[in-house]
Amino acid sequence: MNKNALISIIVPVYNVDKYLSKCIDSIISQTYNDIELILVDDGSPDNSPKICDEYARKDNRIIVIHKENGGVSSARNAGLDIAKGEYIGFIDPDDYIVSDMYECMVNAIEKYNFDMVVCGYDYIDENGNVTRPYKVKSDEILTQKQFVSMQFDMPPTVRHVVWNKLFRKSLFSGIRFPENMHSSEDVYVICSYVKKISDCVFIHKPLYKNLVRNGSATHGGLSVESLALSFKAHNKMHTEAISLYPDLKNHSIAFLLDVCTLKYNEAKSKVAAMDEPEKKKYRCYLNDMKSFIKKYAWRGLLNGEIYWKTRISYILIK
């Protein structure tokens, strides 16, 4: 292992003072010491900025950026702009990692000389309990096609997120997170990056601990507009996948319909709880989402990966 390979770990920070110390502690106590931790305070109104500064005074590997609020994409881009590492990692501020996560990932990426490594993850509740146990097995070498296909697995496997992956910074040239997004922004980055690689390695150990909390961006905290924008992100993932590998069409459509229907139902419930003037404002988003689902439902009508009753329910969605 190249002991001198620096990893830049970027953490966007906003309104997470309850969780932030645990996240930072898990990073600075890594068995792999050659890291720079970039904490990007995205105009957080709580005690998070103070916590960031306190840690930076104790550990010279920590860099803190204080900026006006611009969203998670803006924060991550600010971190990318100053990152000096050979490798890039991303951690969400309410999550944490096991002590040898980055040692395992650097070992793997250098052993196989690949350009990306993916690790397993646990979902945990606010008490630290694992809610979905991860099945540990041997490392797996994935071709580009296998990785692209596995992005559409249900339940998820490799995931179309950045936080359970290690990237080469040199391949991040020209890649940035879209700053108009508040959901599924990772999709655009993964789509761009994967086109630059041929193989990757999947470490089947839950090295990343993903906190499931109500009100977070991925668990009920998104606006109707953000849910609608996520349709575009997942459609991009689908269209780019089948442009590379047309035979993945059925697998990707099955995923696309499943995910977009979940997001549509979440948006629908939010609109239903609004006053009538607000409902009129947001019905256009619902109509667009519904039309999107029905369009792909007709395309997937003969898709054997989708249970036949589910195919009909997509077409009849209200």
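A residue is called buried here when its relative accessible area is under 20%, exposed when that area is over 50%, and partly exposed in between, with a 1.4 Å probe and protein chains only. The model is predicted, so local features need pLDDT of at least 70 and side-chain atom pairs count only at pLDDT 80 or more, while totals for chains, interfaces and linings use all residues. Residues are numbered from 1 along each chain as its sequence is written, and side-chain values use heavy atoms, with hydrogens and water left out.

Helices (H or I, at least four residues) and strands (E, at least two) are DSSP runs numbered from the N terminus. The loop between α5 and β9 holds Arg159, whose phi is positive at about 65 degrees although the residue is not a glycine. At 16% relative accessibility, Arg159 counts as buried. Asn113 lies in the loop between α4 (101–112) and β6 and is exposed, with a relative accessible area of 59%.

Helix α6 comes next. Eight of its ten residues are buried, so α6 is largely enclosed by the rest of the structure. The buried residues of α6 are Glu185, Asp186, Val187, Val189, Ile190, Cys191, Tyr193 and Val194. They pack against α3 (72–82), β6 (116–124), α5 (144–150), β9 (165–168) and α7 (224–244), where contact means heavy atoms within 4.5 Å. Leaving aside residues up to four places away in sequence, Asp186 touches Arg76, His160, Val161, Val162 and Phe177.

Charged pairs were then examined. A salt bridge is a side-chain nitrogen of Lys or Arg within 4 Å of a carboxyl oxygen of Asp or Glu, and the structure holds 14 of them. In one of these, the side chains of Arg61 and Asp59 meet at 2.9 Å, N to O, and both residues are buried. Another joins Asp92 to Arg76, with the closest N and O atoms 3.0 Å apart. This pair links distant parts of the chain, Asp92 in the loop between β4 (87–90) and β5 (96–97) and Arg76 in helix α3, 16 residues apart. Asp92 is buried, with a relative accessible area of 17%, and Arg76 counts as buried at 2%.

Lys195 and Glu240 form a further salt bridge, their closest N and O atoms being 3.5 Å apart. Here too distant parts of the chain are linked: Lys195 is in the loop between α6 and β10 (199–211) and Glu240 in helix α7, 45 residues apart. Lys195 is partly exposed at 47% relative accessible area, whereas Glu240 counts as buried at 16% relative accessibility. Salt bridges that share partners also join Arg76, Asp92, Glu185 and Asp186 into one network.

The aromatic side chains complete the picture. Rings of Phe, Tyr and Trp (its six-membered ring) pair if their centres lie within 6.5 Å, with planes under 30 degrees apart counted as stacked, over 60 as edge-to-face and the rest as tilted. A search of the whole structure finds 16 such pairs. The rings of Tyr307 and Trp308 have centres 6.2 Å apart and planes at 55 degrees, so this pair is tilted. Tyr307 is placed in the loop between α9 (276–299) and α10 (308–315), and both Tyr307 and Trp308 are exposed. Elsewhere, Phe90, Phe167, Phe172, Phe177 and Tyr193 form one aromatic cluster.

Lysines also meet aromatic rings. A charge sits over a ring if NZ of Lys or CZ of Arg is within 6 Å of the ring centre and within 35 degrees of the ring normal. Lys22 lies over the face of Tyr96, at 4.2 Å from the ring centre, and Lys58 over that of Tyr55, at 5.7 Å.
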